Amino acid sequence: MEQTSAEAAENAIKYVASLLRRPDDLDVVDRHFRTAVRKKTTLESRLKAAVQTQLDDAQQGLITLQSTVDDVRSIRDSFLEIDNLYNKCIAVDSKLIDIKLTTSQHLQLTAAKDHLNYIFALPESIEITQTYINDGRLLEAHKRLVELERARDELLFEIHRLSGPTKLDEQVIKDYFSKIVPLSNKLAKQLWLVLQRTLNTVRTESAILVTALRIIEREERSDQKAAKKEQETGFCPPDRPKCYRKKALEVLEQSVQNRFESHLAEIREENSTWLIKVLEQTRKSVIEDLVIVKKFCTPVFPTSYNIFQLYVKLYHKELAAMVSSLSQEQLKANDIATVLTWSKKYSGTDFMMHPFLEADVSHLGPLINSAAEDLLLRKYASTMQSNIREWMSNLLKADLKDWTSTKLPIADAENCLQTALPVDLYQMLDQNLSVASVPGQKVKLKAVNVCMIECSSFLHDYRTAVNKYRDRHMEERTEPPNYVHYMIAIANNCVIIEDLSDGLLKRINEEFGTEWQKDNSETFDFFDSNKDFLFRFSLLTIDYLIDEVFYDLQSHFNELLTKKWLTSSAAVDTIVVTVEDYGSDFKFLKKQLYDQLMARMLKRLIKEYVTAIVHKRMVFKLYEERKKGAEKIEKEATDIERLFAKTITNPKDFYWKVLHSLADVIKLKDTTMLCLEIKGLVMSFPDIKTEHIQALLSMRGDLKNSDIKQIIQDSDLDNRISGNTAETGIFKDIVVPNLSLFGK
């Protein structure tokens, strides 16, 4: 308290000091005093009022608390009194048992009295209801049936309410009303018959369908009431719940199944269009049925049925089952393609999105699941592969038959010979791919893969057949009669097939882009491998044609570089004439093949000539003879050059150069220059070997073995620079007989 007083005095001193800062402020001390007194008076009055209010509130609270205490005491006394009264009433319950039983019996008798009319009239009511059902008056029959069921259920409920009901009482009533259940079942059968014919009935007798639906909905509401009553009382009528709506939906589903069975009842015909007919009939029937549902059933059925979507779902289920069943059968490739195409169009405007339907089935999933689709694709690939293989085999047999015939191959617009095989082959492939393109990209790419696999196999069979054809000809060269022409046609066929394959690949790239190649690398690799095979195959046939020429000329090649050759030009003249003669036939080759053939034949001719030189068929005795022989080689090289210059667009000069170079070595008179000449020869033809040079020098006839050995050593052949011998290759395949020059 003293501290508070001290703080107040200190604050007062500070306040007075703030008011009297200057001497002039002493003149207004009275005014400040009066102001301070006024504020003090105001604060004291407010404080007294606040204290008085708090005192009044506290007094009122005490009064309320006292009143509450009195009320609690009064309530406690009342509860005690009620408890005493209840304890006194317990004994009364045992005295009222007879009254309770009497009351229950009275209620039961009252219920029986209320239903006496139904009880006594039960046989008549059942007979009337039976008549109504037979006459098709279903709504009236249902009304009678409901009244009978209500009477039975109320009697059973009263028995259920008794404190001690017996099974005997219940059974008596159930037996008496036992004919109601068969009657209800008979009415239900009539309802199901109406629903089974919904699509037919709704257009002509919609009132009957409406009646059936009204009865079903009434029974559904009765089921709900019975379920609620069972929850409240534990009592449920004998035949509840009837679940008419659930059964109605099952009947509708069964009716859809029956319609599909009738659609698919058609027996397969021998022609290949049976499946197309069945699927088209199914498509039209589905559209027609769903249009009826949308137009006629939607206004008739309760909205809770969502009848149009229900039918769409049911038809989708049956269509999927039908497609799945078809996928298990042994279908032809075209039939499988038809099924896949049909399923792809399912969600399009030709089917479920038809302008009269516009039924969105995207939420129902695909018509054909991935497993069934994969099964169909495997069957399609297998069946198509078998068909293509059989067709290609027949095509090859037909072509083989032409090879042995007396008629010539056909000529195209460029007068190049060919057979019908390439065009027939790719027409067949195009037909298969055209059918496969309709179901979609996945099916077509699978078909392309099958076609390329079978093409690869066919090309190997084709080559095997050509080899056998050639072997047969070599056994008897007069047979087949048009061997050369058909070998030309086969070579041209390789080019045509390659062009057709490139065209097919181009069309596929234009259709699907190049991205398909990443996911189908195997198929794309077949295109490349088949193209490479065809190129090598065409070279093989060209070599067979060259073999034919050289087989006829072999005896003339054997005359080269002999004594007879030195005095006669018959050998080379015959070679030139024969090549020209065959060249007239080779004009029927495609341009690129003709150029390849002439270039390879020229190279082989030069090789034969060089072989004759290095095999040392003759050795010159005198320089004049050697000079004459060298000049003859040069002249014949010029004749050969002149011959092929007319047929080869860009002849390679090294072919002529090799003969001229060898002739230079032969006619060189100064032997001291041979080492330099040999070095030049080696630089021009890196594939020439030591034994080739040895044979060439031996042919001169003016050198001893020791001289030849010395020249070869001086030429330093072991240290020559390796060149690209793949292009020239004149010497690499020429074998020189063993001359034993370096033997001991």
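**Charged pairs and cysteines in a predicted model**

Visitor: At what relative accessibility does Asp 502 count as partly exposed?
Guide: This is a predicted model. Asp 502 counts as partly exposed because its relative accessibility is 30%.

Visitor: With which residue does Asp 502 form a salt bridge?
Guide: The rule asks for a side-chain nitrogen of Lys or Arg within 4 Å of a carboxyl oxygen of Asp or Glu. For Asp 502, the closest N and O atoms of the bridge are 3.8 Å apart, and the partner is Lys 531.

Visitor: How many residues apart are Asp 502 in helix H18 and Lys 531 in helix H20?
Guide: Asp 502 and Lys 531 form a salt bridge. The pair links distant parts of the chain, and the separation is 29 residues.

Visitor: Which residues do salt bridges that share partners join into one network?
Guide: One of the bridges among these residues is that of Lys 242 with Asp 239, where the closest N and O atoms are 3.9 Å apart. Salt bridges that share partners make one network of Glu 219, Asp 223, Asp 239, Arg 240 and Lys 242.

Visitor: What is the N to O distance in the salt bridge of Asp 552 and Arg 477?
Guide: Asp 552 is partly exposed at 31% relative accessibility, and Arg 477 is partly exposed at 23%. Their side chains meet in a salt bridge, with an N to O distance of 2.8 Å.

Visitor: How far apart in sequence are the parts that Asp 552 and Arg 477 tie together?
Guide: The two side chains form a salt bridge. Asp 552 lies in helix H20 (residues 521–559) and Arg 477 in the loop between helix H17 (441–475) and helix H18 (483–512), so the separation in sequence is 75 residues.

Visitor: How many disulfides does a search of the whole structure find?
Guide: A disulfide needs two cysteine sulfur atoms within 2.5 Å. Cys 243 is partly exposed at 31% relative accessibility, while Cys 297 is buried at 0%. Across the whole structure, the number of disulfides found is zero.

Terms used
Residues numbered from 1 in each chain as written. Predicted model: local features only at pLDDT ≥ 70, side-chain atom pairs only at ≥ 80, totals over all residues. Heavy atoms only, no water. Buried < 20%, exposed > 50% of the residue type's maximum accessible area, 1.4 Å probe, protein only. Helix = DSSP H or I, 4+ residues; strand = E, 2+ residues; numbered from the N terminus.
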